[in-house]
Amino acid sequence: EILSGLVGSEMCIRDRRYPNPKYMIRLYNIVQSLETRRVYLIASVLLCVSISICIFINHLILGVSLQNWPGSPGYGIIGQHIAELGFYTADGVELTARRPPLYPYFLSAFHWAFGQQGTLVAYLTQALIYVATGLLLVRFCLIKFRNPAMALLTCSLYCLHFYLGVESLWQRETILFSLILTALLFPIASAPSWHSALSWGFFAGLFYLTRPTGVILPIVLLIGLLSYLKDYSFTKVLRHFIICLSVFTLVTLPWNLYVIQNFDGHQSLPTTSGPENLYKGHIDDFENIFPQVDLDLYNPWMNIGTEDMSEVERSRHIKAEGWSMLLDDIPQAMKRSFIKVFALYSPLRTPFGEGKLAEGENGVYINEFKLYSIQVLMVPHLLLIIFVGPILLLKSWRHLPKDHQRFFLQIGALLLLLTALHAVTFGESRHRLPFDLCFMIATAYSIFRSLEMKARQIQSTDS
């Protein structure tokens, strides 16, 4: 009788300090049996708590004031000019194409409707978009993977990502881009059809109009569709590709025509400020500055000699200089690419701190450097989602269903192209933050695949 009582468990004698896997499986089964509305209710509570904590961090710890809304002020300036003057300008006089249009128009709607209170309403709306993005992430997991427990774990990882939450409250396109990226996951995960093609083209177009990173999406689409050739006819796959690109072109056409007509041709696409990141990624003082502080501090030195140039002339000059510096010393560029990739995926927030730049005998250097005080806050969380999750996914890759493999293949292609793009230019944590949603999905999926395999082992042992 003693032996028979011990055989029913994975271990004959279990240390009470460790949880019994049977209880973990039982808890998993309870969560799996939750009704959909209860899953959304739990997720909503988690998201509301999370954004409240982020608002607390933003104002009481970081000391943020909406009178000096941190982020990228250029977006707000353009948005205010659109509301007041009716055209897309940064200085109130000349047209500009320095920023992608979606976020400035988003801000302009609040300035137009609420006047001086527009900033506050935009701030609160971005907090609501943060919550909506989390709920959309939950919906995606429920539809694609039909796993309530995984959906809630993904939501929990999202809620614990306080870097993303705080960044969502700043005057940047980050949270709008995150929402669009989450919506784009639905057609990416769907088989070729009219509905998925129209959705892909529409959201990919918005993706492009929010960040120039959207130029990589047609390549991701092509990679994804190649994986469908074994199961679908070439004609159907080709038709899907054409519809996607056609809708994408239609959505981006007004902005592209605006840039081409007013900024001397297609070479200025998608924005005239795009070459600046290429230039900054290959300056002589790169190692002295990055990733300690933001490379945007180098702008005064980058602008030397371009004061009398038009926006187009300056853009082309900086692009030519950037490519020249890259091609003149390719080994140096390759060495720097490792620093850029490290900065992009570092579990520590990059840039590491803030300071001022000064010029000395050996070039530009950092003065009065101050390390960010909350650097280590997110290290365990980011190590889990950026490194542990993908490793677990690759470990179980052969056992994944084919449609899940296709989805993660496209996500992997998206992340690899993003990495290559920032290895050529430069990358910081804020450039990666929206894509952490993909890492969260992969991590939650990998954990529950491992848990399901463990459950099967326990059940087979018990039987």
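Helices, taken as DSSP runs of H or I with at least four residues, are numbered from the N terminus, and the expected span of a helix is 1.5 Å times one less than its number of residues. The structure examined is a predicted model, in which local features need pLDDT of at least 70 and side-chain atom pairs count only at pLDDT 80 or more, whereas totals for chains, interfaces and linings use all residues. Residues are numbered from 1 along each chain as its sequence is written, and side-chain values use heavy atoms, with hydrogens and water left out.

Helix α9, formed by residues 174-188, comprises 15 residues and extends 20 Å from its first C-alpha to its last, which is close to the expected 21 Å. Of these 15 residues, 13 are buried (under 20% relative accessible area, with exposed meaning over 50% and partly exposed in between, for a 1.4 Å probe and protein chains only), so α9 is largely enclosed by the rest of the structure.

Another salt bridge connects the side chains of K280 and D296 at 2.6 Å, N to O. K280 belongs to helix α13 (residues 274-280) and D296 to the loop between α14 (286-289) and α15 (299-302), so that the contact ties together parts lying 16 residues apart in sequence. K280 is buried, at 2% relative accessibility, whereas D296, at 30%, is partly exposed.

D296 also forms a salt bridge with R430, for which the closest N and O atoms are 3.8 Å apart. Here again distant parts of the chain are linked, R430 being placed in helix α20 (residues 429-432) and D296 in the loop between α14 and α15, at a separation of 134 residues. With a relative accessibility of 17%, R430 counts as buried. Together with E428, the residues K280, D296 and R430 are linked in a network of salt bridges.

Technical notes: A salt bridge is a side-chain nitrogen of Lys or Arg within 4 Å of a carboxyl oxygen of Asp or Glu. Helices (H or I, at least four residues) and strands (E, at least two) are DSSP runs, numbered from the N terminus.
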